[in-house]
Amino acid sequence: MALRELSSLEKYLELKKPNKYSTQGDKKVPVLQNNNGAPLVGLVTIARHLVKEAKRTELLGDSAESRAVVHQWLEYRVTRLNGCTKDDIKTILKELNLYLQDKSYLAENQLTLADILMYYGIQPLIVDLAVQEKEQYVNVTRWFDHMQHYPGVRRHLPPVVVLRNRIYTGRHH
């Protein structure tokens with residue numbers, strides 16, 4: 001899963017030369033062999049490196065506080081989504097739904113690496129939800145739909161229908 005996310009991130013960042021990744025351990029932690037010496041290990045470490053390589057550091061946050069929030073969500077992404085169970089998915093969606101109640105993005109008022117990696121990580125979970133289940137997490141589905149329509153983020157992933165079209169009668173306008 002992490003290798004697919006890194007490939008998607010490379011495409012979003014429009015990096016010219018795709019990197020070659022390997023994995024290590026039972027949890028298939030991604031590894032990027034760095035030309036400058038020691039390999040880079042872990043989704044977040046490699047993703048931050050790619051953002052810097054693409055000279056898109058605004059995706060890491062514009063202030064110390066926003067960088068901390070971005071880092072917090074990246075850590076959440078790795079610790080909560082990797083290897084989550086069906087029970088974990090409901091808890092994660094409830095937590096995200098509550099957090100996104102009054103927000104358009106996970107950190108700041110702009111797209112960050114946290115939004116991009118969370119979108120890539122949660123996409124397989126959202127695909128598997130029935131429309132009725134998606135409606136239970138209206139803030140998550142709103143955010144998810146925004147992310148999948150954000151220019152360049154979705155790329156090769158198929159669009160996901162997140163909410164049913166509602167039919168309103170004349171008296172409810």
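Colleague: Before we dig in, what are the ground rules on pLDDT?

Modeller: It's a predicted model, so local features need pLDDT of at least 70 and side-chain atom pairs count only at pLDDT 80 or more, while totals for chains, interfaces and linings use all residues. Residues are numbered from 1 along each chain as its sequence is written, and side-chain values use heavy atoms, with hydrogens and water left out.

Colleague: OK, which residues of α2 are buried?

Modeller: In α2 (residues 43-53) they're Leu 43, Val 44, Ile 46, Ala 47, Leu 50 and Val 51. Buried means under 20% relative accessible area with a 1.4 Å probe, protein chains only. Helices are DSSP runs of H or I, at least four residues, and strands are runs of E, at least two, numbered from the N terminus.

Colleague: Why are they on the same side of α2?

Modeller: They cover an arc of only 165 degrees around the axis, which puts them on the same side; the arc is that of the directions from the helix axis to the C-beta atoms.

Colleague: Switching to the sheet: what's the strand order?

Modeller: β1-β2-β3, open and antiparallel. Strands pair if DSSP finds at least two bridges between them. β1 and β3 are at the edges with a single partner strand each, so one side of each has no neighbour in the sheet.

Colleague: And what stands opposite Ser 22?

Modeller: Val 31, in β2. β1 and β2 pair over four bridges.

Colleague: Last one: how many residues of α5 are buried?

Modeller: 13 of the 16, so α5 is largely enclosed by the rest of the structure.

How values were computed: Buried means under 20% relative accessible area, exposed over 50%, partly exposed in between (1.4 Å probe, protein chains only).
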